[in-house]
Amino acid sequence: MPRKTDCHLSADFEISRPQERILGDPIAEWAEDWWEWVLQGPRMDGNPQTDETGEFADVENDGPVFFIAGTFGNPLNDPVERSFEVPDGTPLLIPILNDIYISVNTDERPRALANNSLGDWKRSVEDLFLVIDGEEVKNLDSHFLRTDFFSPGRPEDGEDGNLLGEFLGELPPEEDLFPSRTAGYWVMVEDLAPGEHTIQFGGTT
């Protein structure tokens, strides 16, 4: 009898199972790296997460997994459309919908606060969708991941600082952003056939 799997197979792509290791690492660890990529990246102007055209999609994005940027959301839920190129054969990490709790040393019980905040966020999520070339990917709830506690790096303030510094300003040298944590619905796409593709994803919270 065939082994039951929740892996989505298509002639043009494959959706990895949430528990799979990609290039040796769990998808949850790639999700941590994704947040470091966003938050350690350029300030609002020039950051892939705030990009509205795809011009900055490849900024600091030359690793073995290609990170697809999301958005920080907006009250009207207006879509953002981007066009960009991805190196052939590179897996794509898609952030269907996610949240992060960034901890500072002034927090009391930071781990409990992170867990409670992310739990509240998860209960508010609805209407998840991922469509690749017109083909709907189902069972997105099964792709929920919660990472271990980690640090997204230090904020760098000033004109040439990073996005984290724009959000938080400068922190004292002794302060660390551990234990931060992220949770969300992450999908890893592998074996995407060469050529043009359209990927639509998102949700509401």
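The charged end of Arg-181 lies over the ring of Phe-149, 4.4 Å from its centre. A charge sits over a ring if NZ of Lys or CZ of Arg is within 6 Å of the ring centre and within 35 degrees of the ring normal. This is a predicted model: local features need pLDDT of at least 70, side-chain atom pairs count only at pLDDT 80 or more, and totals for chains, interfaces and linings use all residues. Residues are numbered from 1 along each chain as its sequence is written, and side-chain values use heavy atoms, with hydrogens and water left out.

**Exercise 1.** Determine how many residues of strand β10 are buried, and which residues lie on each side.

*Solution.* 
- Take the strand limits: β10 covers residues 181-190. Strands (E, at least two residues) and helices (H or I, at least four) are DSSP runs, numbered from the N terminus.
- Apply the burial cut-off: buried means under 20% relative accessible area, exposed over 50%, partly exposed in between (1.4 Å probe, protein chains only).
- Count: 10 of its 10 residues are buried.
- One side holds Arg-181, Ala-183, Tyr-185, Val-187 and Val-189. The other holds Thr-182, Gly-184, Trp-186, Met-188 and Glu-190.

**Exercise 2.** Find the bridge partners in β10 of Glu-14, Asn-98 and Phe-144.

*Solution.* 
- Strand β2 (residues 14-15) pairs antiparallel with β10 over two bridges. Glu-14 partners Glu-190.
- Strand β6 (residues 92-101) runs antiparallel to β10, joined by nine bridges. Asn-98 partners Gly-184.
- Strand β9 (residues 144-146) is antiparallel to β10, with three bridges. Phe-144 partners Tyr-185.

**Exercise 3.** Classify the aromatic pairs of Trp-34 with Trp-35 and with Trp-186.

*Solution.* 
- Search the whole structure: eight aromatic pairs turn up. Rings of Phe, Tyr and Trp (its six-membered ring) pair if their centres lie within 6.5 Å; planes under 30 degrees apart count as stacked, over 60 as edge-to-face and the rest as tilted.
- Trp-34 and Trp-35 have ring centres 5.0 Å apart and planes at 90 degrees, so this pair is edge-to-face.
- Trp-34 and Trp-186 are also edge-to-face, at 5.1 Å centre to centre and 75 degrees between the planes.
- Locate the partners: Trp-34 is in helix α1 (residues 27-39) and Trp-186 in strand β10, 152 residues apart.
- Check burial: Trp-34 has a relative accessible area of 0%, Trp-35 5% and Trp-186 1%.

Methods. Pairing = 2+ DSSP bridges.
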